[in-house]
Amino acid sequence: MNPLLATLGGKLTERWLNLLVLPGALFLAATAVGTTLGHRHWHDADRLRATLDDLAARPALDRTGTAALLVALVLLTAAAASLASQFLGGGFEKYWLRFGRDPLSRALTTRRERQWLALDGQLDDAVARATPTGSAAGGAVRVGRSAGARIQAIGEARDRISLCAPKRPTWYGDRMQATADRVEAAYGVDLAALWPRLWLILPEPAVQQIQAARDSFSAAARLAAWAVGYALLACWWWPAALVAVGCGVVARSRSRAALDALAGLTEAAVDVHGRELATRVGLLGPDTTGLLDHDTGDGMSEVFRKAD
């Protein structure tokens with residue numbers, strides 16, 4: 001029992017240090033440096049060193065109790081700053097994945113939809129104008145290299161906006177919405193009703209991969225929250241603006257990659273384990289073969305929604 005408790009305590013301590021203390025302590029250190037130097041003396045190392053020497057020379061710091069209280073205060077303040085970043089990061093997640101119900105969100109959705117439809121029209125026009133140069137395996141048609149490159153470029157530009165016609169004000173929301181639409185189009189099942197039940201039967205490797213992608217998305221949102229904190233610090237010490245920009249760029253890149261992975265894993269889980277769930281709830285027999293059809297998907301949606 002004691003080794004188990006020691007192992008759990010070590011993991012909790014490591015997680016506490018990584019998620020709370022270290023990011024908060026780094027922000028506190030940057031805040032202390034920024035408020036000490038300011039805009040005018042932003043790179044004055046001698047000024048910072050003199051401030052540290054004055055602080056170390058104070059008689060109160062020679063007492064063990066005072067030093068311990070100071071360390072505890074720093075740790076608690078760092079943890080509080082990290083908790084604030086987690087709270088703000090959760091707000092970023094909800095904001096990124098929101099539906100377009102308010103006027104601003106509806107305007108953003110309309111703008112993204114207009115851009116997507118324009119590129120989709122250009123893609124159809126490019127495909128129609130492309131001159132076939134031959135046929136490939138599977139009935140595919142070959143086109144010239146320049147025409148193929150143009151079609152690919154337009155398609156990639158359209159997909160950067162959304163994989164399907166935009167229904168939400170952000171790329172993040174549309175990426176998850178595209179997953180739900182693709183699952184419904186393929187199997188006729190409502191992903192929102194299906195997912196909690198499917199999650200219960202997923203094997204451990206799949207659960208770990210999906211949870212890792214979800215955690216990566218949350219970590220990117222927390223990094224975006226730290227970018228806000230450093231942007232506020234830039235009001236007193238302008239080099240913090242560079243840190244804020246760097247955090248923002250990295251947060252955007254990581255959040256998009258993490259959510260794209262999460263959406264792909266979610267769709268893959270339905271593809272691989274959807275029939276198993278239908279069998280477990282009695283909509284398919286254990287000896288039934290073939291893909292999950294629309295009739296079974298509609299039945300799953302009806303059962304899971306508790307429809308009359």
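This is a predicted model: local features need pLDDT of at least 70, side-chain atom pairs count only at pLDDT 80 or more; totals for chains, interfaces and linings use all residues.
Residues are numbered from 1 along each chain as its sequence is written, and side-chain values use heavy atoms, with hydrogens and water left out.

The protein has 10 helices and 2 strands, taken as DSSP runs numbered from the N terminus (helices H or I, at least four residues; strands E, at least two). From the N terminus on, the order is α-α-α-α-β-β-α-α-α-α-α-α.

Salt bridges come next. Side chains of opposite charge can pair when their charged atoms come close. With the criterion of a Lys or Arg side-chain nitrogen within 4 Å of a carboxyl oxygen of Asp or Glu, the whole structure holds 9 salt bridges. One of them joins arginine 112 and aspartate 174, with the closest N and O atoms 2.3 Å apart. Arginine 112 is in helix H4 (residues 103-129) and aspartate 174 in helix H6, so this pair links distant parts of the chain, 62 residues apart. Both residues are buried.

Arginine 175 counts as buried because its relative accessibility is 10%, whereas aspartate 260, at 35%, counts as partly exposed.

Within helix H9, glutamate 276 and arginine 280 are 4 residues apart, about one turn of the helix, and their salt bridge has its closest N and O atoms 3.1 Å apart. Glutamate 276 is partly exposed at 28% relative accessible area; arginine 280 is exposed at 57%.

The largest pocket contains about 520 Å³ of space. A pocket here is an open set of points on a 1 Å grid over the protein atoms alone, where a 1.4 Å probe fits, with protein on both sides within 12 Å along at least five of seven lines; lining residues have an atom within 4 Å of a point. Volume is the space filled by probe spheres set on the points, which are joined across faces, edges and corners. Of the 22 lining residues, Met176, Leu191, Ala192, Trp195 and Thr266 are closest to the centre. H6 gives the largest share of the lining, 5 residues.

Methods:
Buried means under 20% relative accessible area, exposed over 50%, partly exposed in between (1.4 Å probe, protein chains only).
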